[in-house]
Amino acid sequence: MMMKHFGVYRKLILIAGTVIAAVSVGSVFFMENTSALMLFVICAFAILCGLLFLLDFLHNRYHDDLLEQITLLIEALVEQQERIVFPENEDTLTARLQHQLLKLRNILTAQNQMLAQEKEQIKTLISDISHQIKTPVSAANTFAQLLDDKELSDEERSEYIATLQTSLEKLTFLTNSLIKMSRLESGIISLKPEKNSLNDIVLQAVKTVYAKAKEKNITITFDCEQNFEAMLDFNWTAEAITNILDNAVKYTPSGGIVGLEITEYPSYLRLDISDNGIGIPEEEQAKIFGRFYRGKQSAGIDGVGIGLYLTRDIINKQKGYIKVASDENGSVFSLFLKKD
């Protein structure tokens, strides 16, 4: 109430003070009785002092009320509640402050909801991966014991070894997924860029996925006679490229081709990783770098949806960026890496 009518009270006090001052000045010219004039001036002065004290009191009360309302707004923000204190239809500093605080509350609420959702996703993924680990471990243990049988035929032994290898590959994938999630959550991606050969980094990434590509009869091409150097963290950049190559091999049909090409610009090196796989629908291309996102065409293919998220994070932290172009004929991921 005090805040609402403070402006009115202040105007009334100022008007009253002005009238009293004007009357006091006029009385000097029109009152002939000196004693009466002195008494009138003293009374007028006392009233003016009283009005000033009243104005000061109301001003302090106004500020106290204002601070109390702002405190209530902040408390509501902390408690993630919506509270309207100042009229929203007025263009005042307090109304604008309230608007900004409400916007901040909405942003914090959305972020908390997203974090809670991601936390639940992580719990589900860890539980799912932990459950999946039991199967290849059990299978590996069983077939390792069976291989001790000296009476096995060569055909049986080859079959058991192949099954054991499949189980170990599955176990490796699941373990790597847990490691990636651990890196993601703990924020341990600490990059140390040094002058490195991008060619060597690419070759390191190709070695990592070569066995999978060979198994699907996929050809990986990297025809680059010139050596390109840039300020890059060798291992993390290799992992970023590996994540894209791994996806290319996963989603490219048997007998396909995955190509790598480096183009030099004044400030950047551009690494294109292309495939002739199933492609990425246009409506999903803006989402694939999101955390835990997996497209509709990922069903039935191993993955947890963090590889591309990590890749973008690694590239961004080295002042680079990544783009994707895709259609039904395949996809091209372009990594722009800053030279220095």
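**Reading a sheet and its helices**

Reader: Which residue stands opposite Glu264 in strand 5?

Author: Leu269 stands opposite Glu264, and it belongs to strand 5. The model is predicted, with local features needing pLDDT of at least 70 and side-chain atom pairs counting only at pLDDT 80 or more, while totals for chains, interfaces and linings use all residues. Residues are numbered from 1 along each chain as its sequence is written, and side-chain values use heavy atoms, with hydrogens and water left out.

Reader: How many helices and strands are there in the protein chain, and in what order do the elements run from the N terminus on?

Author: Helices (H or I, at least four residues) and strands (E, at least two) are DSSP runs, numbered from the N terminus. The protein chain has seven helices and seven strands, and from the N terminus on its elements follow the order α-α-α-α-β-α-β-β-α-β-β-α-β-β.

Reader: Which strands form the open sheet, and in what order?

Author: Two strands pair if DSSP finds at least two bridges between them. Five strands form the open sheet in the order 2-4-5-7-6, with mixed pairing. Strand 2 and strand 6 (321–327) are the edge strands, each pairing on one side only, and the twist from one strand to the next averages 15°.

Reader: Where does the pairing run parallel, and where antiparallel?

Author: Strand 2 (residues 219–222) pairs with strand 4 (residues 257–264) in the parallel sense over four bridges, and there Phe222 has Leu260 of strand 4 as its bridge partner. Strand 4 and strand 5 (residues 268–275) run antiparallel and are joined by seven bridges; these two strands form a hairpin with three residues between them. Strand 5 is also joined to strand 7 (residues 330–338), by eight bridges in the antiparallel sense, and Ile273 has Phe333 of strand 7 as its bridge partner. As a general idea for reading side chains here, those of a regular strand alternate between the two faces of the sheet.

Reader: Which strands does helix 5 lie across, and which does helix 6?

Author: Axes are lines fitted to C-alpha atoms, for helices over the stretch in contact, and angles run from 0 to 180 degrees between N-to-C directions. Helix 5 (residues 198–215) lies across strand 2, strand 4, strand 5 and strand 7, and runs at about 175° to strand 2. Helix 6 lies across strand 4, strand 5, strand 6 and strand 7, and runs at about 20° to strand 5.

Reader: At what angle do the axes of helix 6 and helix 7 cross, and which residues make the contact?

Author: The axes of helix 6 (residues 234–251) and helix 7 (residues 307–316) come within 9 Å and cross at roughly 145°. Contact (heavy atoms within 4.5 Å) is made by Trp236, Thr237, Glu239, Ala240, Asn243, Ile244 and Asn247 of helix 6 with Gly307, Leu308, Leu310, Thr311, Ile314 and Ile315 of helix 7. These residues divide into seven nonpolar, five polar and one charged, where Ala, Val, Leu, Ile, Met, Phe, Trp, Tyr, Cys and Pro count as nonpolar, Asp, Glu, Lys and Arg as charged, and the others, Gly among them, as polar. The C-alpha atoms of Trp236 and Leu310, 74 residues apart along the chain, are separated by 9.6 Å.

Reader: Which residues of helix 7 are buried, and why do they lie on the same side of helix 7?

Author: Buried means under 20% relative accessible area, exposed over 50%, and partly exposed in between (1.4 Å probe, protein chains only). The buried residues of helix 7 are Gly307, Leu308, Leu310, Thr311, Ile314 and Ile315. They lie on the same side of helix 7 because they cover an arc of only 155° around the axis, the arc being that of the directions from the helix axis to the C-beta atoms. Trp236, found in helix 6, is buried with a relative accessible area of 13%. Ser326, in strand 6, is buried with a relative accessible area of 18%. Over the protein chain, buried residues make up 34% of the 340 residues.

Reader: Where are Asn217 and Lys319 found, and are they buried or exposed?

Author: Most residues other than glycine have a negative phi, and most peptide bonds are trans. Asn217, in the loop between helix 5 and strand 2, has a positive phi near 60° and is exposed, with a relative accessible area of 57%. Lys319, in the loop between helix 7 and strand 6, has a positive phi near 65° and is exposed, with a relative accessible area of 62%.
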